[in-house]
Amino acid sequence: MLIDSHAHLQDREYKNDLDQVMARAARAGVNTIICIGFDYSASQKAVDLAKKNNNIYAAVGIHPHDAKTLDEQTLEKLYNLALNPKVVAIGEMGLDYYRNLSPVEQQKKAFVEQIKLAQELKKPVVIHDRDAHQDILDIIKREKAGINGGIMHCYSGQLPLAVELIKEGFYISFAGPLTFKNAKKSHEVAQKINLDRILIETDCPYLTPEPFRGKRNEPAHVKLVAQKLAEIRNLEVEEIAHITSSNTKRVFQLD
Ligand code: NI
């Protein structure tokens, strides 16, 4: 059995065929999906999906692209949403210096406020880091962001940073790009870090793995990430499924 630890099933890409997407996930052995919020409305939708489906859990949070929307009122609404028992984490949150859709200072402020929210609720944090490795690490250390566990989603950094993050209480999650030919850096990280700190995800509808690159992604494809990881670690895919599932259950405290 596999877990997709980071999916955006509330995305409008699935508005016409979510039932079929879920059926294909089940057939691929994906029995649990964590649906991740990226703005307030997407967080609400994630919670709604989790309430309706036993095998879906939710994370609520504001992506760095939308950091400028995180005012005090939204923070309080997020807090209230997070009280639902199916909410297992706060996120995704973080810094994105590649697209810089919100000013850097606002990104940092929203990131820190959500770390504090997670600490108040004793929940792990789901972190998005694009071209912001050093600032992410500095804030994580200063705020003790990993105190209730954390996940670096779609990890794109080097091995030494992954080692530092693991020391801070974090898990490293791999997505479709692990299957790309030019992913040497991620292969090295996936090969060398402790197996009990690795998660797998799709980040669907984005980051579709090979051989479907370019098409819409969906949770069933997390199996392709598991297969690639099995190849890198020289293990059976069943062992990878078992290990990554138990890691995911541990960090999100799933029953
Ligand atoms: Ni995402």
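Biologist: How are the residues numbered, and which pLDDT is needed for local features?

Modeller: Residues are numbered from 1 along each chain as its sequence is written, and side-chain values use heavy atoms, with hydrogens and water left out. Totals for chains, interfaces and linings use all residues, side-chain atom pairs count only at pLDDT 80 or more, and local features in this predicted model need pLDDT of at least 70.

Biologist: Which residues of helix α7 are buried?

Modeller: Helices (H or I, at least four residues) and strands (E, at least two) are DSSP runs, numbered from the N terminus. Buried means under 20% relative accessible area, exposed over 50%, and partly exposed in between, with a 1.4 Å probe and protein chains only. In α7, residues 184-192, the buried ones are S186, H187, V189 and A190.

Biologist: Within what arc do the buried residues of α7 fall?

Modeller: The arc is that of the directions from the helix axis to the C-beta atoms. An α-helix has 3.6 residues a turn, so residues three or four places apart point the same way. The buried residues of α7 line one face of the helix, because seen down its axis they fall within an arc of 165°.

Biologist: Which exposed residues does α7 carry on the face turned away from its buried side, and what do its buried residues pack against?

Modeller: On the face turned away from the buried side, α7 carries the exposed residues K184 and K192. Contact means heavy atoms within 4.5 Å. The buried residues of α7 pack against α6 (159-167), β7 (170-174), β8 (198-200) and α8 (222-233).

Biologist: What does S186 touch?

Modeller: S186 is found in helix α7. Its relative accessible area is 13%, so S186 is buried. Not counting residues up to four places away in sequence, S186 touches Y155, F174 and L178.

Biologist: Which residues of α5 are buried, and which are exposed on the other side?

Modeller: The buried residues of α5 are I136, L137, I139, I140 and E143. They fall within an arc of 165° seen down the axis of α5, so they line one face of the helix. What covers them includes β4 (87-96), α4, β5 (125-130), β6 (150-152), α6 and β7. On the other side of α5, the exposed residues are Q134 and R142.

Biologist: How many salt bridges does the structure hold?

Modeller: Side chains of opposite charge can pair when their charged atoms come close. A salt bridge is a side-chain nitrogen of Lys or Arg within 4 Å of a carboxyl oxygen of Asp or Glu. The structure holds 11.

Biologist: How many residues apart are R24 and E218?

Modeller: The side chains of R24 and E218 meet in a salt bridge of 2.7 Å, N to O. This pair links distant parts of the chain, with R24 in helix α1 (residues 18-27) and E218 in the loop between β8 and α8, at a separation of 194 residues.

Biologist: Is R24 buried or partly exposed, and is E218 buried or exposed?

Modeller: The relative accessibility of R24 is 32%, so R24 counts as partly exposed. E218 has a relative accessible area of 6%, so E218 is buried.

Biologist: Which helices does the salt bridge of D135 and K108 tie together?

Modeller: The closest N and O atoms of D135 and K108 are 3.6 Å apart. The two residues are 27 residues apart in sequence, and the pair ties these parts together because D135 lies in helix α5 (residues 133-143) and K108 in helix α4 (residues 104-121).

Biologist: Which residues lie nearest the centre of the largest pocket?

Modeller: On a 1 Å grid over the protein atoms alone, a pocket is an open set of points where a 1.4 Å probe fits, with protein on both sides within 12 Å along at least five of seven lines; lining residues have an atom within 4 Å of a point. The largest pocket has a volume of about 900 Å³, a volume being the space filled by probe spheres set on the points, which are joined across faces, edges and corners. Of its 31 lining residues, those nearest the centre are H128, R130, C154, D203 and L207.

Biologist: Which residues line the second largest pocket?

Modeller: The second largest pocket has a volume of about 160 Å³. Its lining consists of Q10, D11, R12, E13, F38, K45, P205 and Y206.
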